[in-house]
Protein chains: 2
Amino acid sequence: MFKAATIKDIAQALSVSPSTVSRALRNSYEISEEKKKMILDYAAKINYHSNPIAVSLRNKRSYSIGVMVTEVANSFFSQTIDGIESIAYEKGYNIIISQSHDSYEREVINIEHLASRSVDGLLISMSAQTTDYNHIEMLHKQGLPIVFFDRILNSIDTYKVTTDNSKAAFDAISLLLSKGYKRIAHIANAPHLSITLDRLKGYTEALRGADLPFDKDLVEFCFSGGKDLMEVDLAIERLLSLRPAPDAIFISSDLLSNASLRTLKAKRLESSIPIIGFSNSDVVDLMSPEFSYVRQRAFEMGQIAIKMLIKLIESKYPIYEFETKLLDADLCNLELLNR
Amino acid sequence: MFKAATIKDIAQALSVSPSTVSRALRNSYEISEEKKKMILDYAAKINYHSNPIAVSLRNKRSYSIGVMVTEVANSFFSQTIDGIESIAYEKGYNIIISQSHDSYEREVINIEHLASRSVDGLLISMSAQTTDYNHIEMLHKQGLPIVFFDRILNSIDTYKVTTDNSKAAFDAISLLLSKGYKRIAHIANAPHLSITLDRLKGYTEALRGADLPFDKDLVEFCFSGGKDLMEVDLAIERLLSLRPAPDAIFISSDLLSNASLRTLKAKRLESSIPIIGFSNSDVVDLMSPEFSYVRQRAFEMGQIAIKMLIKLIESKYPIYEFETKLLDADLCNLELLNR
DNA sequence: GTGAAAGCGCTAACAC
DNA sequence: GTGTTAGCGCTTTCAC
């Protein structure tokens, strides 16, 4: 079985003390160049690698970061993780990924699990089902660095980064209005999510800006977030049966966009009404029916989130001023809306 | 700042020794029920959690597992990771994810990085560009438990799990042949990957089974694995310009399927030739043109891989008999091939 | 049945 | 400049 070399081994071999070796390896100014070279050479020769577990125990820093997402197999999140990983790797941090599958229980268990694993900090996108935030508030109070991304939690004061959801929705709806659409249905995500409310806000404000009334009949919340196809099915059915009928649909999440397209396709109604939906799918250009979509800057969001977290972790002094960064989203495939 | 409770704290508070507390917490038979209860109760009261870093250092086990994939933002891999995570979580392991982006350099660096992070074992799917296996062979020789999944490495003797790629390809091609297609073009992945060769093998064997000649002109390898759209573009162009023209296309990876569809669509040739391609996209049912596809059991593969790894890690005795598990793939949307 | 003590690998105060 | 020592939190011989 494999037995890794330790500082002690080097010290013994070179007849110096372990602390000298430690200092030399960390390139301390106290050690003479000559000895440094000797130690470094020998370390390289025996393929010495420091034991990060021991360093963690000693320094009370694990250089690992917990990431809490709904599901890695969701394009938006896998792109975010990609962004997180790119920076984490650069800065010498590991990321430990955990999925809530939008369940409150799993979120609580997994976050506690991550925290007890001595992560240096947490990157969290809230589960759709979570309405009690105690498990997070506790950790935050105890001083664990936390950054929220995407589905942020307003009640906790820390760094946050998310799409400017309200603006994205406002722009999407304004565009529809400018093209002459007037009765715009809205298929919305679970209502306790920050992103749901922000997107709804953009929707209503755009209507108000055009002096159109807000008709709550045109809005359907999907509590399952698109997981439950039946729920989406019923929502669409109800919306399409309204009179006067809606003349466009705005869909406020990836999963809901997919589910809605499935439903419309099954009903052979896919070309009956234009759609603008959120989507970060990597094959959106291959999907049919074609639809206009709002694409979030997921990769960038991941990068910003982890940069914020590392800043929090590595800051020598407590930070009291926090920023909530809002990213622009991109509207794509808009030419489909011309008529 | 947060200061977690330690065994010492408990010992002090209850006037017992740290070793007694440790034993009680680990439910050792040596400790009297009475004392056990007292200690457990107090630990629960002060919300004691053992420090996994200290346990790792002491036990030389980190309960974390490194996972090396090409890209998390690839449906097949995110589904695999989902499967890995489901079991890892259950068994108390963390997974640390690393992406090679199909680059040899990044694979080498990341695998070494994972290993130096004292992971208990490694789950690896090879990068497409890797042809030198020294970095993995070294670790394997040193006794680090390694399991390969999906893109396996034949030269190393350990547990492996992958799709029965040769059978999947054989079945797909046989089906095409049974429907009367005779000149089947094959867009293949990078040629040093195990999966590429296996799929090619299934392809040729199915042809041989039908007494059809193998025409190497009908096969195009894409070294970029679908990342480089231009490469796929040229491949398709050449294949379609062959005379006699191919009457169907078999595509041997997710990314290549997507890229090929894009190319065909751009050339407005999407309905000119039937396609059967590998795909684990979660929106394959929404894609256009519709195509028949081979779907791998990615989630299951992840679960099997990590179970194998944990078996390797937790085995008291060295294991010399290794299994390479082959999973069936599912052929879907076949009705499109009727004509 | 319980405690004392050593040690996992590393670092940092404190000596000299 | 370099060595000595203590200790991070935990487990595990070895005593008693």
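Student: Which element gives the most to the surface near DNA strand C?

Tutor: That element is α4(A), with 4 residues. A residue counts as near a strand if its C-beta atom, placed from the backbone, lies within 6 Å of it. Helices (H or I, at least four residues) and strands (E, at least two) are DSSP runs, numbered from the N terminus. Please note that this is a predicted model, in which local features need pLDDT of at least 70, side-chain atom pairs count only at pLDDT 80 or more, and totals for chains, interfaces and linings use all residues. Residues are numbered from 1 along each chain as its sequence is written, while chains are lettered from A and ligands numbered from 1 in the order in which they are written.

Student: How many residues surround DNA strand C, and of which classes are they?

Tutor: DNA strand C is surrounded by 23 residues, the closest being Thr6(A), Ile7(A), Ser19(A), Ser17(B) and Thr20(B). Two or more residues come from each of α2 (18–25) and α4 (52–59) of chain A and from α2 (18–25) and α4 of chain B. By class there are 9 nonpolar, 9 polar and 5 charged residues; Ala, Val, Leu, Ile, Met, Phe, Trp, Tyr, Cys and Pro count as nonpolar, Asp, Glu, Lys and Arg as charged, and the others, Gly among them, as polar.

Student: Which residues come nearest to DNA strand D?

Tutor: Of the 26 residues around DNA strand D, the nearest are Thr20(A), Glu30(A), Thr6(B), Ile7(B) and Ser19(B). The surface near DNA strand D divides into 10 nonpolar, 10 polar and 6 charged residues.

Student: Where do the chains touch?

Tutor: Residues are in contact if their C-beta atoms, placed from the backbone, lie within 7 Å. By this rule, 39 residues of chain B are in contact with 39 residues of chain A. On the side of chain B that touches chain A, α4 (52–59), α5 (75–90), β2 (94–99) and α11 (254–266) each supply at least two residues, and α5(B) gives the most, with 6. The copies meet through the same surface, because 100% of the interface residues of chain B are also interface residues in chain A.

Student: Why do the buried residues of α10(A) line one face of the helix?

Tutor: An α-helix has 3.6 residues a turn, so residues three or four places apart point the same way. A residue is buried if 20 or more other C-beta atoms lie within 10 Å of its own, exposed if 12 or fewer, and partly exposed in between, with C-beta atoms placed from the backbone. In α10(A), the buried residues are Val232(A), Ala235(A), Ile236(A) and Leu239(A). Seen down the axis, they fall within an arc of 95° (taken from the directions from the helix axis to the C-beta atoms), so they line one face. Met230(A), Glu237(A), Arg238(A) and Ser241(A) are exposed on the face turned away from the buried side.

How values were computed
Contact = placed C-beta atoms within 7 Å.
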